[in-house]
Amino acid sequence: MAQILVPSTQWQMRVPKCSTFGSPIVTKMWSSLLLKQNMKGAAKSAGKFRVLALHSENSTVNRTEKLLNMDITPYTDKIIAEYIWIGGSGIDMRSKSRTISKPVEHPSELPKWNYDGSSTGQAPGEDSEVILYPQAIFKDPFRGGNNILVICDAYTPAGEPIPTNKRHKAAEIFSNKKVVDEVPWFGIEQEYTLLQQNVKWPLGWPVGGYPGPQGPYYCGAGADKSFGRDISDAHYKACLYAGINISGTNGEVMPGQWEYQVGPSVGIEAGDHIWCSRYILERITEQAGVVLSLDPKPIEGDWNGAGCHTNYSTKSMREEGGFEVIKKAILNLSLRHKEHISAYGEGNERRLTGKHETASIDSFSWGVANRGCSIRVGRDTEKNGKGYLEDRRPASNMDPYVVTGLLAETTILYEPTLEAEALAAQKVALKV
Amino acid sequence: MSLINNFIKFDLNETTRKSIAEYLWIGGSGKDLRSKARTLPEPVTDPAKLPLWNFDGSSTDQAPGDDSEVILRPQAVFRDPFRGGSNILVMCDTYTPAGYPIPTNKRFNADKIFNHPDVAAEEPWFGIEQEYTLLQKDTRWPLGWPVGGFPGPQGPYYCGVGADKSFGRDIVDAHYKACLYAGINISGINGEVMPAQWEFQVGPATGISAGDQLWVARYILERITEIAGVVLSFDPKPIPGDWNGAGAHTNYSTKSMRNDGGINVIRKAIEKLGLRHKQHIAAYGEGNDRRLTGRHETADINSFSWGVANRGASIRVGRDTEKAGKGYFEDRRPASNMDPYVVTSMIAETTILWKP
C-alpha cells in the first residue's frame with residue numbers, strides 16, 4: 001500500500017502589499033479573477049512542515065521547527081537570499097544562500113555571485129568559476145520574513161552567457177522593439193508527475209502493479225482518485241506568497257499527475273516565474289518525501305504524458321481583427337515546426353504520438369477546440385474574432401525561456417517568403 | 001512530552017531578572033566541544049563582566065584526577081537560540097589554576113599573534129567555509145543513503161533540490177537562522193557534492209573573532225543535530241572511494257591585500273606559505289591525508305600549488321581578485337576538523353610576521 005506522505009500545512013499566507021514583482025498590465029488583467037484578495041490583511045505565516053529525514057525518537061523535533069520558522073526580523077536587519085540557477089543538464093535546478101545586510105526591492109541591488117561550475121557540469125576544474133547575475137526576486141515561502149528567492153542566470157568571468165544560459169537570448173528577443181510593442185503575454189500550463197521515493201513508481205500506484213485505467217482521475221476527488229493534493233495545494237499558496245503569478249491548479253488525467261498554470265506574464269517574466277515555481281515545487285516535494293518528475297512520458301502505454309502547453313497572445317491578437325493575426329502566426333509556426341519541436345523538450349517523441357490528447361510529432365496541425373492538434377484556438381477566440389492561441393507541443397521538461405522566446409521570434413520577427421507562405425497556407429488550410 | 005515543551009518555552013523575563021549562561025569550551029581531543037550552564041543574577045553581554053569558572057578536567061582528558069580543576073575564562077558572548085530571552089552562550093578558553101593556558105588551549109597563542117602590532121595593523125579578515133557530513137544515528141551511515149548500499153554517483157547533489165538529491169536541509173536551515181539570531185556572522189550555506197554533506201560559511205571576521213564564531217557555530221550545529229537525532233561528523237574523508245571529502249577552506253586577506261596593488265602582496269604571501277607547506281599541513285587537521293589526494297577538487301598533500309579559479313590547487317585566487325588587482329585568496333588545504341584558532345593565526349603569522 002503506497003504511503004502518501006504529505007505535509008500538513010496550516011498557514012495563512014501574507015499577501016504582498018504591493019506587487020513589485022508583477023507588471024501593472026498583469027495586475028489589471030487579472031483584477032477580475034485573482035486580485036479580489038484583501039490587500040490590507042497581513043497574517044503571519046505559521047507553517048508547520050513535516051521535517052524530512054529527522055526521525056527523532058525523543059519527540060523534541062518540534063524544537064527544530066521552532067528554529068526553522070523563527071522570524072529573525074526583530075533581531076537583525078540581515079536577510080537570507082537563496083540564489084537559484086539552472087544546472088548543466090538544462091533541467092536541474094541548483095541553489096545556495098547568502099546573507100544580505102538589509103532587505104532589497106530590486107535585483108539590481110543584489111551582488112553578483114559565483115559557484116563551482118565543475119560540480120554541475122558547467123565548467124572545467126581548473127577554471128571553475130561561473131558567475132551568477134540576479135534577475136528576479138521572489139519572497140521566500142520557506143524562510144518567511146524579508147528573506148528572498150533570487151532567480152539568476154550564468155555567465156563566464158568574461159561576461160559571456162555560458163551555453164546552458166537560455167535566458168540571455170530570450171531577454172534579447174524580448175527587448176527587441178517590435179516584440180516590446182506587441183506586449184507578448186504567456187500562460188503556461190505546467191504538468192508534472194509525483195513519484196514514490198526509492199521505487200520511483202507514481203504516487204498512489206500499487207508497487208509492482210497499476211491502478212484502474214484513466215477516466216476517474218482528471219479533476220477527481222477522493223482517496224482512490226486523487227494522490228498528493230496536499231503538495232499541489234501547498235505549492236499554490238507558497239507561489240502566491242512568493243509573488244509568482246500562479247493562476248490555477250487541477251488534477252490531471254493520469255493518477256499521480258498534476259498541473260498548475262502560471263500567467264498571464266509579459267515577456268521574460270514567464271520564464272522567471274515558471275523556473276521559480278518549479279524550484280518551489282521541488283522544495284515542497286523534498287519536504288514531503290516524494291520525488292518530482294518532469295519527464296514528458298513517465299509511464300509507457302495507455303497513460304497520458306506530461307506537457308507544458310503554452311498559451312500566447314500579442315497586442316494585435318487581442319485587439320479587433322486579432323483572429324487574422326492569429327492565423328498568420330499559426331502560418332509562421334507551421335513553417336518552423338521542426339525548429340520548434342527540437343527546442344520543445346527532450347523525450348517529447350515518446351509523448352507526441354497522436355494519441356492521449358496530443359498531435360503526432362511529425363505533423364503540424366491546428367484547430368478550434370481540438371486537443372489532438374499542435375495548436376489549439378479556443379471557441380471564445382473564434383467567436384470574438386480576437387484572443388490567443390495554445391501551443392500544445394512543448395513537453396513538461398521544456399525550458400520556458402527557450403519556448404517563449406521562440407514563439408515571439410517566429411510570430412513577430414520571422415518573415416517567411418511569399419512563396420513559402422502560400423504553400424503553407426494551402427497545407428494548413430488557412431486563408432490569410 | 002508537551003508538558004516538557006511548556007517548560008522549555010518559559011519566558012523567564014516575565015518572572016525574574018536572572019539569566020542563564022552556557023559556558024562552552026574545547027575538550028581534550030582538541031575537537032570535542034563541552035558545555036555547562038550557570039545562573040547569572042542579571043543579564044550580561046560583556047565577557048569581561050562574566051565570572052571565571054572551572055570544570056573537572058580529569059573527565060575530559062585535560063587534567064589529572066588529583067589536581068583536576070581547569071579554569072574557564074569567558075572570551076566571547078552570543079545570544080542563546082535554544083533558550084531565547086536574555087540567555088547567552090559564552091565561548092571560553094582553559095587555564096591551570098596558576099593562570100597558564102593548558103596544552104589544548106590554542107586560543108591563547110592565537111590571541112597573542114593577533115595582538116602583535118604588525119598583525120593588528122593589517123586587520124586580517126577570515127572567511128571560513130565549514131563542510132560537514134550528517135550520519136544516521138545508529139548505523140553511522142550518511143543520512144539518506146540506503147543502509148548496506150550507496151546512492152547514485154556524485155553529480156546531482158551539489159546545491160541540489162528534491163527528495164532524491166537533498167538530505168537534511170531542515171538541519172542546515174535551522175542552523176542558519178539560529179546563528180543569525182545568536183549574532184554569528186554566518187554568510188551563507190549550500191548543499192555539497194557528496195549527498196548528505198553540507199557547508200556553511202562564517203565571515204568576514206577579524207582576527208581572533210573568526211575562531212570564536214566558528215567554534216560557537218559548530219556548537220549550535222551539534223545541538224541542532226542532537227535535537228534532530230542525527231549524528232554530526234567533521235571527519236575529512238567520511239566515506240572512502242569516489243566520494244568528496246570535507247574541508248574548511250579558509251579565505252584570507254589583509255589591509256594591504258585589499259588596497260590597490262594588493263595582488264603583489266597576495267603573491268608574496270602565497271610564496272611564503274609555499275615555503276612553510278609542511279608546517280601548515282601538520283596543523284591543518286588530523287586525517288587530512290585521506291582527503292588531500294589530488295582528486296575530488298583537492299591538491300595532493302605533498303605538493304604545494306596555487307592558481308586562479310583552480311579548485312585542484314592548494315591555494316586558489318578568485319578571478320575577481322585577479323581582475324581588480326586586489327582582494328583575497330583561499331587556502332583550500334585545511335580539513336573540516338581543523339582548529340580555526342590554529343589555522344587563522346598560523347596564516348597571519350606566516351604571511352605577516354615570518355621572514356624566510
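How much area is buried between chain A and chain B, and what share of it do carbon and sulfur atoms give? I looked this up in a predicted model. The buried area comes to about 4,600 Å², where buried area is the accessible area (1.4 Å probe) that two parts lose on being put together, summed over both. Carbon and sulfur atoms give 52% of it. On the chain A side, Arg63(A), Leu67(A) and Glu286(A) supply 14% of the area that chain A buries against chain B, more than any other three residues.

Conventions, noted once. Residues are numbered from 1 along each chain as its sequence is written, and chains are lettered from A in the order in which they are written. Local features need pLDDT of at least 70, side-chain atom pairs count only at pLDDT 80 or more, totals for chains, interfaces and linings use all residues, and side-chain values use heavy atoms, with hydrogens and water left out.

Confidence. I read pLDDT as the predictor's confidence in each residue, from 0 to 100. Chain B has a mean of 94, with 99% of its residues at 70 or more. For chain A the mean is 85, and 85% of the residues reach 70 or more. Residues 1–56 of chain A have a pLDDT below 50, yet this stretch has 106 contacts in the model beyond near neighbours in sequence. Where pLDDT is low, the predicted coordinates should not be read in detail, so I left that stretch alone. For the complex, the predictor gives an ipTM of 0.74 and a pTM of 0.81.

Interface. I found 57 residues of chain A in contact (heavy atoms within 4.5 Å) with 51 residues of chain B. The chain A side divides into 18 nonpolar, 21 polar (Gly among them) and 18 charged (Asp, Glu, Lys and Arg) residues. Helices (at least four residues) and strands (at least two) are DSSP runs, numbered from the N terminus. I noted E2(A) as the element that gives the most to this side, with 7 residues.

E2(A) also runs antiparallel to strand E7 (residues 186–191) of chain B, joined by 3 bridges; pairing requires at least two DSSP bridges. Within this pairing, Lys96(A) has Asn190(B) as its bridge partner.

Which salt bridge does Asp116(A) make? Its side chain meets that of Arg311(B) at 3.6 Å, N to O. The rule (a side-chain nitrogen of Lys or Arg within 4 Å of a carboxyl oxygen of Asp or Glu) finds 8 salt bridges across the interface.

Backbone. Most residues other than glycine have a negative phi, and most peptide bonds are trans. I checked for exceptions. The bond from Gly263(A) to Pro264(A) is cis, with omega near 0 degrees, and Pro264(A) is in strand E8 (residues 257–266) of chain A. In chain B, the bond from Gly203(B) to Pro204(B) is cis, with omega near -5 degrees; Pro204(B) lies in strand E8 (residues 197–206) of that chain. Glu357(A), not a glycine, has a positive phi of about 60 degrees.
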